[in-house]
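Have the model open beside the text.

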Amino acid sequence: MLNIDTLAERVLRGDILSVSEGVDLLNLPDTETLRLVDAAWRVRREAFGDRVKVNVLLNAKSGICAEDCAYCSQAKGADTGIPRYRVLSSDEMLSEAKKAQAAGAQRYCIVLSGRGGTWGEVQQVTEATRRIKAETNLEVCACMGLLLGEEGQRKAAALREAGVDSYNHNLNTHEDNYGNICSTHTYEDRVETLTHAAQAGMSTCSGVIVGMGETPEQIVELAATLRGRSADSIPVNFLIPIDGAALDGRQSTAHFTPWYCLRVLSVFRLLNPRAELRASAGREIHLRSLQPLALLVANSIFLGNYLTEEGQEASADWQMLQDLGLRAAPGGSVQAGQGGAPLAAAGAD
């Protein structure tokens with residue numbers, strides 16, 4: 001019989017769970033899931049105490065994309081009725097950053113749709129970043145698509161020089177499943193992008209969208225892959241079915257229950273004990289009344305809305321943290337490459 005307490009103790013000692021152990025945890029019955037959440041809470045508490053990283057997203061360029069990612073409301077051919085606009089000005093980005101800081105965020109995430117940022121868009125983001133850094137105490141995360149080849153390296157260097165702390169580019173799904181959700185770029189392109197971001201000195205933010213036809217083994221292998229890449233921040237999204245997107249999300253997420261989603265988050269925590277684990281898009285829909293339990297496993301959330309889909313009210317997020325006895329993490333810049341650090345190096349203030 002699986003001994004969950006022993007697995008947690010091994011993780012706290014620095015051991016890495018096997019894929020088969022992770023699959024066994026995903027397959028636990030609902031009646032055993034609270035024990036798993038408690039084990040994940042022990043690991044989360046050792047590294048992060050009662051702190052939660054609060055992030056705010058800015059959709060700085062929306063709906064103008066030639067990529068065909070099947071899950072995405074902004075993809076080529078998607079008929080989703082979302083707003084479409086080109087990149088916001090640095091004035092607009094700064095104004096929204098000040099609102100994010102006033103709302104209590106520690107990190108401000110600037111997201112642009114498209115295959116990859118043009119040099120003009122990079123210039124807009126770098127100018128905005130310099131102004132945000134001068135006028136707020138926010139961390140800045142950029143998400144601007146692919147960073148490929150020498151040009152991608154130069155763009156990454158420009159972002160870092162301007163003060164961008166972190167670069168987000170999700171792996172989304174397992175390498176063996178990637179061809180089923182996208183044909184206009186590859187899994188390897190995403191890996192290269194993360195490599196260039198890390199080489200430029202940015203912290204890497206990379207996660208998954210669970211619910212796109214992946215197997216339990218693939219979910220666990222993805223969690224292990226992100227640990228192997230020392231991902232500093234791991235957003236775990238649960239697919240939101242979107243009318244007009246190519247992927248039938250209602251079918252691919254039909255097996256989701258709140259308990260299952262908690263098991264997924266717990267497996268990611270046990271395999272990535274030092275990473276900032278974010279309970280991200282879809283938490284409101286799929287975790288429903290058990291949503292607060294996710295913050296005993298994850299230590300990060302997006303406040304309010306996502307890119308093109310609504311989250312719950314920011315006031316409800318703050319109330320949830322207060323009810324759990326959790327506090328916002330202190331602000332300040334992040335250091336790259338800490339996702340795989342041993343727990344002994346962690347502080348729990």
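Helix H1 (4–13), H2, strand E1 (51–61), H10, strand E8 (276–279) and helix H12 (291–294) are among the elements that cover the buried residues of H3. Helices (H or I, at least four residues) and strands (E, at least two) are DSSP runs, numbered from the N terminus. Buried means under 20% relative accessible area, exposed over 50%, and partly exposed in between, with a 1.4 Å probe and protein chains only. A contact means heavy atoms within 4.5 Å.

This is a predicted model: local features need pLDDT of at least 70, side-chain atom pairs count only at pLDDT 80 or more, and totals for chains, interfaces and linings use all residues. Residues are numbered from 1 along each chain as its sequence is written, and side-chain values use heavy atoms, leaving out hydrogens and water. The pLDDT is the predictor's confidence in each residue, from 0 to 100. Its mean over the protein is 91, and 92% of the residues reach 70 or more. Over residues 340–349 it is below 50; this stretch still has 22 contacts in the model beyond near neighbours in sequence.

Back to H3. It holds residues 30–48, and its end C-alpha atoms are 26 Å apart, in agreement with the 27 Å that its 19 residues should span at 1.5 Å a residue. The expected span is 1.5 Å times one less than the number of residues. Its buried residues include Leu36, Val37, Trp41 and Phe48, and also Glu32 and Arg44. Gly49 follows H3, with a positive phi near 55°.

Now H8, residues 216–228. Its 13 residues reach 19 Å from first C-alpha to last, close to the expected 18 Å. Among its buried residues are Ile219, Ala223 and Leu226. The buried side packs against helix H2 (19–26), strand E6 (208–210), strand E7 (233–238) and helix H10 (258–271).

Which residues have the most contacts inside the largest nonpolar core? They are Val236 and Phe268, in a core of 94 residues. H10 gives the most to this core, with 9 residues. A nonpolar core is a set of buried Ala, Val, Leu, Ile, Met, Phe, Trp, Tyr and Cys residues joined through side-chain atoms within 4.5 Å. Phe268 touches Ile219, Ala223 and Leu226, among others.

Last, the cysteines. With a disulfide taken as a pair of cysteine sulfur atoms within 2.5 Å, the count is 0. For Cys141, the nearest cysteine sulfur is that of Cys109, 4.7 Å away. Cys141 counts as buried because its relative accessibility is 2%.

Note on methods
Lists of a residue's contacts leave out its neighbours within four places in sequence.
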